[in-house]
Amino acid sequence: MYITDQNDFKALEKIILEKRYFRNRGKGVETECSRFERDFAQKMGTDYSLLVTSGTNALVCALISVGVGAGDEVIIPSYTFFATAAAVVNVGATPVIANIDHTLTIDPNEILRLISKKTKAIIAVHMDGQPCKMDIIQKIAVDNNLFLIEDVAQAAGGMFKGKRLGSIGDVGCFSFNVDKIISAGEGGAITTSNRTYFEKSLCVQDACCSFGATHKEAFTTISPFIGQSMRVSEITGALMNVQLSRLDLILSRLRERKKILRECFLKAQMPMVISNDEDGDCGTTVLLTFKTVEETNQLLKKINSDQLIAIPIMAKPAHTCWQWMHLLAEVRPKELYRKSLFLNSIDIVSRTVKIDVPFEMNLDEVEAYGMNIIQKIKS
């Protein structure tokens, strides 16, 4: 979805010609990275933001910053990119997988069922640009004294009931990978309004940050500790500043086009997945859930002819737990990762196809595209 033009080249040209690749240049010195972090935090409605090298590392930062570690359990959804689980394992904790509901986001009832004495946090993943039921999930977190982390990798700029995704939980985690709404090819960020979590994330993303002049005096709530290496260069910062300036335009175009498809599909009584917040939905995808797997497979053959593209979610092995949890079973209790525990999720996903909203089409073409899909399904 992301847009590129000559402004991206100009931003990089300045960095290259001035030979200023390193992000840290002293206390109070604005850099491309620090400017993005300030503007991104403001856009997302938080006090702080921090660029890191990937969405996975953003999750690692978030988990460590809230104190998740060895012996802890973190509840995650069955439909999510494997990085969500990998980040939990990387901090020494155990991913506990919850089934999804008909919205293809984590089922709050499943969260309640899975909470144990070892549960430390919940990761709510806003898949396919669609927000989770954040009001219910936030209440569950508060009532059970759990940390709430938002995985906003696929939903940058999205909202739930007027609040930006990534500002509702304790920490928000974003990805700027090549497949995301705004992108530098790779990269990520955390958002938070908690100073302690921000300072801990500073340490995690740069083991040496407390020695340099840029962040030496930044630690007011914690003592610096040994972190990792997730620091990005000014190249990432420069690209992301240009990308961020386009976010509202991209979301507007996506939502405008999804609205057209949505109206077409609703009028034709297509089995469309309704978002938990239609206004806050990013508009990147339309999801259709059919009655049976057989019907889904037959309709896929019809839709995927004539240059129409619908993707069966099951075809993306890194996004469904029963296709990646064998890796977890090697290092965690195997009884947590039996396929039979996720039959409800398997059923929903097996009957659901994803249609990417055609970002490049003009509005008339989008309507014709939607009508063509409907005609193929009903033929």
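Let's begin with charges: a search of the whole structure turns up 22 salt bridges. Keep in mind as you explore that this is a predicted model.

One of the salt bridges pairs Arg38 with Glu30, whose closest N and O atoms are 2.4 Å apart. Arg38 is partly exposed, at a relative accessible area of 44%, and Glu30 is partly exposed as well, at 46%. Another salt bridge joins Asp143 to Lys139, with 2.6 Å between the closest N and O atoms. These two residues sit four positions apart in helix 6 (residues 134-143), so about one helical turn separates Asp143 from Lys139. Asp143 counts as exposed at 51% relative accessibility, and Lys139 counts as exposed at 53%.

For a contrasting setting, turn to Asp281 and Lys258, whose side chains meet in a salt bridge at 3.4 Å, N to O. This pair links distant parts of the chain: Asp281 lies in the loop between helix 9 (247-267) and strand 10, while Lys258 belongs to helix 9, 23 residues away. Both Asp281 and Lys258 are buried.

From the loop holding Asp281, we can move on to strand 10 and its sheet. Three strands make up this open sheet, in the order 10-12-11, with antiparallel pairing. Strand 10 (285-289) and strand 11 (311-312) are at the edges; each has a single partner strand, so one side of each is left without a neighbour in the sheet. Strand 10 is joined to strand 12 (residues 352-356) by five bridges, and the two run antiparallel. To find your bearings there, look for Thr285, which stands opposite Asp356 in strand 12.

Next comes strand 9 (residues 188-192), where five of the five residues are buried. Which residues cover which side? Gly188, Ile190 and Thr192 are on one side, Ala189 and Thr191 are on the other, and both faces of the strand are covered. Strand 9 runs antiparallel to strand 1 (residues 48-52), with five bridges between them; here Ser49 has Thr191 as its bridge partner. Strand 8 (residues 171-175) also runs antiparallel to strand 9, joined by four bridges, and Cys173 stands opposite Ile190.

Glu365 has its place in helix 13 and is partly exposed, with a relative accessible area of 40%.

Technical notes:
Residues numbered from 1 in each chain as written. Predicted model: local features only at pLDDT ≥ 70, side-chain atom pairs only at ≥ 80, totals over all residues. Heavy atoms only, no water. Buried < 20%, exposed > 50% of the residue type's maximum accessible area, 1.4 Å probe, protein only. Pairing = 2+ DSSP bridges. Salt bridge = Lys/Arg side-chain N within 4 Å of Asp/Glu carboxyl O.
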